[in-house]
Amino acid sequence: MRAMSSLLSPSQSINLHGRRGDMKCWLMSSSQMIKLSTMASLSSSQMIKLCTVASLKGNISRASFPSDGRCRGHDKGSWQRNVFLHEPMLDQYYEHDELISRESFMVRSFEIDFNQRATVEALMNYSQEAMVNHFRNSGLLVCDGGYGSTSEMKERNLTWVTIRMNMALDSYPLWNEVIYVDTWLTLFGKIGLCYNGRFIDSKTGKVLMRASSVLVLLNLQTRKLAKFVDEIRAEVKPRCLVGNLILLDTDLRKLPNVEDHNCAYTKKGITPQWSDLDVNQHVNNVKIISWVLEGTPLSMRNRYELCGMAIDYQKECGRDDKLESLSCFSLDIVNTDRRSKRLQLDHLLRLEDGTEIARAKTTWRPKNVYLV
């Protein structure tokens, strides 16, 4: 370490937002960073950023978004400069690396369909994993308080649950491709938070998918929704971006119902497995999405692919429940151009006794038709 630090002058010190990042700082411990900063005369703010980088493990990083549009992220042991498409509304926030996180995922063989493309369930699992890691890296995850819990939430026995998710899927990544998931939080009115995720092709910079989820508080003891009180709002507000930064429309008006007399397809006998339960002791919300899609007519799934979804989670589902998934064609048919036509379906996931678990609306495009 002495030999390495002696070769550095103060002018050669690492600037996380500069063009030079030749020193492999992820190989140093925090104590070594302190020694290096002393030799290089780094400021205290620079030191904090270096120690933060040194403490990161794995492939998760708080991406640094400079004004020139290049992102430096900790991906597979090296700092990379990646050019990607900007959301214009995010340009002013690129310097806030503590509020926007980036995580990379490689599409693996057990996450693809017969076309060697990532499944919708795999993409939503990436989104959920990125959300949890974003909570952790922003200081919103205590040891035994659940995802995104603050000290006030822990005292009140509360956790976050998703009540609405909107997703727009432009293109599916292929087997072995690497994608980046950028995530950030915003306040959502007086009821909770909105989690936003943007999926980006690591090679081309193309935006593949956008997703926005509304999170509200659940009392773990009563299993009822709780108010987003001022004390909790004050704890999470510093971790949220300010402004109209929600990627997709999160209108909370109720989605259409599916009646038995007009449903086009019904999948019965759905039974949760032990592995379907999450840390909140109910069925994982990605599994709910999978069951909703199981209620889609097979003849249509052979010719169309999912490109958009809105889902309302209305009630918890446990291990001993028996469910059925229904779907019907919506009256809305979206014409994209003369060559293609998109279809919309309404969905209902319910218990066998009729209790609603989730409602959804999906949009489908003919296969091999992608946005340019």
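Visitor: What makes a residue a contact of V107, and which residues does V107 touch?

Guide: Contact means heavy atoms within 4.5 Å. Not counting residues up to four places away in sequence, V107 touches I112, A118, Y126, P173, L174, W175, N176 and E177. One of these, W175, is 68 residues from V107 in sequence, while the C-alpha atoms of the two are 5.1 Å apart. V107 itself is found in the loop between strand 4 (101-106) and helix 4. Helices (H or I, at least four residues) and strands (E, at least two) are DSSP runs, numbered from the N terminus.

Visitor: Why does V107 count as buried?

Guide: Buried means under 20% relative accessible area, exposed over 50%, and partly exposed in between, with a 1.4 Å probe and protein chains only. V107 has 0% relative accessibility, so V107 counts as buried.

Visitor: Before we go on, what kind of model is this?

Guide: This is a predicted model, in which local features need pLDDT of at least 70, side-chain atom pairs count only at pLDDT 80 or more, and totals for chains, interfaces and linings use all residues. Residues are numbered from 1 along each chain as its sequence is written, and side-chain values use heavy atoms, with hydrogens and water left out.

Visitor: How do you know that helix 7 is mostly covered?

Guide: Eight of the 10 residues of helix 7 are buried. They are N285, V286, I288, I289, S290, W291, V292 and L293. At the start of this helix, a side-chain oxygen of N284 comes to within 2.7 Å of the backbone nitrogen of V286. A polar contact is a pair of N or O atoms within 3.5 Å; within protein, one must be able to donate a hydrogen and the other to accept it, and residues adjacent in sequence count only if both atoms are side-chain atoms.

Visitor: What makes a set of residues a nonpolar core, and which members touch the most others in the largest one?

Guide: A nonpolar core is a set of buried Ala, Val, Leu, Ile, Met, Phe, Trp, Tyr and Cys residues joined through side-chain atoms within 4.5 Å. The largest has 57 residues, and I288 and I311 touch the most other members. Helix 4 gives the most to this core, with seven residues. Leaving aside neighbours within four places in sequence, the contacts of I311 include I163, M165, L255, I288 and R359.

Visitor: Why is one space called a cavity and another a pocket?

Guide: On a 1 Å grid over the protein atoms alone, a cavity is a set of points where a 1.4 Å probe fits but cannot get out, and a pocket is an open set with protein on both sides within 12 Å along at least five of seven lines; lining residues have an atom within 4 Å of a point. Three cavities of 30 Å³ or more are counted by this rule. The largest cavity has a volume of about 130 Å³, and helix 4 supplies the largest share of its lining, four residues. Among the lining residues of this cavity are M124, T162, N285 and Y313.

Visitor: What is the volume of the largest pocket, and which residues lie nearest its centre?

Guide: The largest pocket holds about 600 Å³ of space. Its lining has 30 residues, with V161, T162, I163, H282 and Y313 nearest the centre. Strand 5 gives the most to that lining, with five residues. A volume here is the space filled by probe spheres set on the grid points, which are joined across faces, edges and corners.
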